[in-house]
Amino acid sequence: MKEKHVLGISGGKDSSALAVYMKVARPEIVVEYFFTDTGKELPEVYEYLDRLEGFLGKPITRLNPDRDFDFWLRQYNTFLPSANTRWCTRQLKLRPFESWIKGFVKDGYRVFSYVAIRADEESRSGYRSPDPNIEVIFPFREDGIDKEGVFELLDNVGLGLPSYYDWRSRSGCTFCFFQQKIEWVGLLETHPEAYDEAISYEKTAIEHGSPFTWSQGESLIELRRPERVEQIKRDHERRVERRRKVIESPLRSNQLVDIDELYGSSKPCVVCHK
């Protein structure tokens, strides 16, 4: 049976490092790289994808959903996606991917999908297809590569981390509801136009009876008040300081603070945030 090897890149550090790893450590495997574009990604993501393409020496296929976020928001009666109703992942990420690989299966291919779950992420699971002709492979787990190994892979080829890691621990949509409040502050200060767009979506949803706001417990209008922003920043600095005191050895100079870990949250979504 013919084989097709595919690797999804989110614009995050782990999936990008896996693309590097496959090129360096398993060059005999011809991999097709893809990025599922919601149209609501950070500009830093697109810039990093361009740099990654330069290293890989081949294009990253863009899978654009045939219907955008605004279309699906209308289908869900303007209710915002949430942790309990993740229609954004299903419709904007998984649906285009499944449609794409089903074309390969229909053409007689056995598809191998490579997922960037690391060796130190024992509790995480990736996308699994019920189709027996689609097999999911976890090279980092197989070869014992952890977070430190990811940093080394990206550093060694001169890519480093995407620049949004200065203020955010995830790729994905600008208004991802999994963001911590400090990340919303980062969006407000770095991309105020994207923050305003998120407010617009939120206001429309609330006006139509949606029970959800993007950030738990408060609207984005409330969150952007100067006194609230300062409160969030103070809380964040206290958390960072506490973490520094309990770490046995100093953090590497270029190693980011994982915001989800800092706030005691599990990693929410492999599809969007790896």
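Buried here means under 20% relative accessible area. Keep that cut-off in mind. What I'm showing today is a predicted model.

Let's start with the whole chain. The secondary structure comes to 12 helices and 5 strands. The radius of gyration is 19 Å, close to the 19 Å that the globule rule gives for 274 residues, so the chain is as compact as a globular protein of that length. Along the principal axes, the C-alpha atoms fill a box of roughly 60 × 50 × 30 Å. Of the 274 residues, 53% count as buried. Now the contacts with a separation of 6 or more. Residues 24 or more positions apart account for 71% of them.

Next, the sheet. In what order do the 5 strands sit? The order is β3-β2-β1-β4-β5, the sheet is open, and the pairing is parallel. The edge strands are β3, residues 61-63, and β5, residues 134-137. Each of these pairs on one side only. From one strand to the next, the twist averages 30°. As a reminder, strands of a sheet pair through backbone hydrogen bonds, either parallel or antiparallel. Look at β4 and β5: 4 bridges join them.

Now two helices that lie across this sheet. Helix α4, residues 87-106, lies across β1, β2, β3, β4 and β5. It runs at about 150° to β2. Helix α1 lies across β1, β2 and β4, at about 140° to β1.

Stay with α1, residues 13-25. Its 13 residues should span 18 Å at 1.5 Å a residue, and the end C-alpha atoms are 17 Å apart, which agrees. Is α1 enclosed or open to the outside? Of its 13 residues, 10 are buried, so the helix is largely enclosed by the rest of the structure. The buried ones include Lys 13, Asp 14, Leu 18, Tyr 21 and Met 22. What do the buried residues of α1 pack against? Three strands are on the list: β1 (2-8), β2 (31-36) and β4 (109-114). So are the helices α2 (43-56), α5 (139-143) and α6 (147-156).

Buried or exposed? At 4% relative accessibility, Tyr 114 counts as buried. Its bridge partner in β5 is Ile 137. Leaving out residues up to four places away in sequence, Tyr 114 touches, among others, Leu 18, Met 22, Arg 26, Ile 29 and Pro 139. His 5 is also one of the residues it touches. The side chains of Tyr 114 and His 5 make a polar contact at 2.7 Å. Compare Ile 60. Tyr 114 and Ile 60 are 54 residues apart in sequence and 14 Å apart in space, C-alpha to C-alpha.

Last stop: the loop between α3 and α4. Asn 77 is in that loop, with α3 covering residues 69-75. Thr 78 is in the loop between α3 and α4 too. Asn 77 is not a glycine, yet it has a positive phi of about 55°. Thr 78 is not a glycine either, and its phi is positive at about 65°. How do they stand on accessibility? Asn 77 has 56% relative accessibility, so it counts as exposed. Thr 78 has 13%, so it counts as buried.

Note on methods:
Residues are numbered from 1 along each chain as its sequence is written. This is a predicted model: local features need pLDDT of at least 70, side-chain atom pairs count only at pLDDT 80 or more; totals for chains, interfaces and linings use all residues. Side-chain values use heavy atoms; hydrogens and water are left out. The expected span of a helix is 1.5 Å times one less than its number of residues. Buried means under 20% relative accessible area, exposed over 50%, partly exposed in between (1.4 Å probe, protein chains only). Contact means heavy atoms within 4.5 Å. Two strands pair if DSSP finds at least two bridges between them. Axes are lines fitted to C-alpha atoms, for helices over the stretch in contact, and angles run from 0 to 180 degrees between N-to-C directions. A polar contact is a pair of N or O atoms within 3.5 Å; within protein, one must be able to donate a hydrogen and the other to accept it, and residues adjacent in sequence count only if both atoms are side-chain atoms. The radius of gyration is taken over C-alpha atoms; the globule rule is 2.2 Å times the number of residues to the power 0.38.
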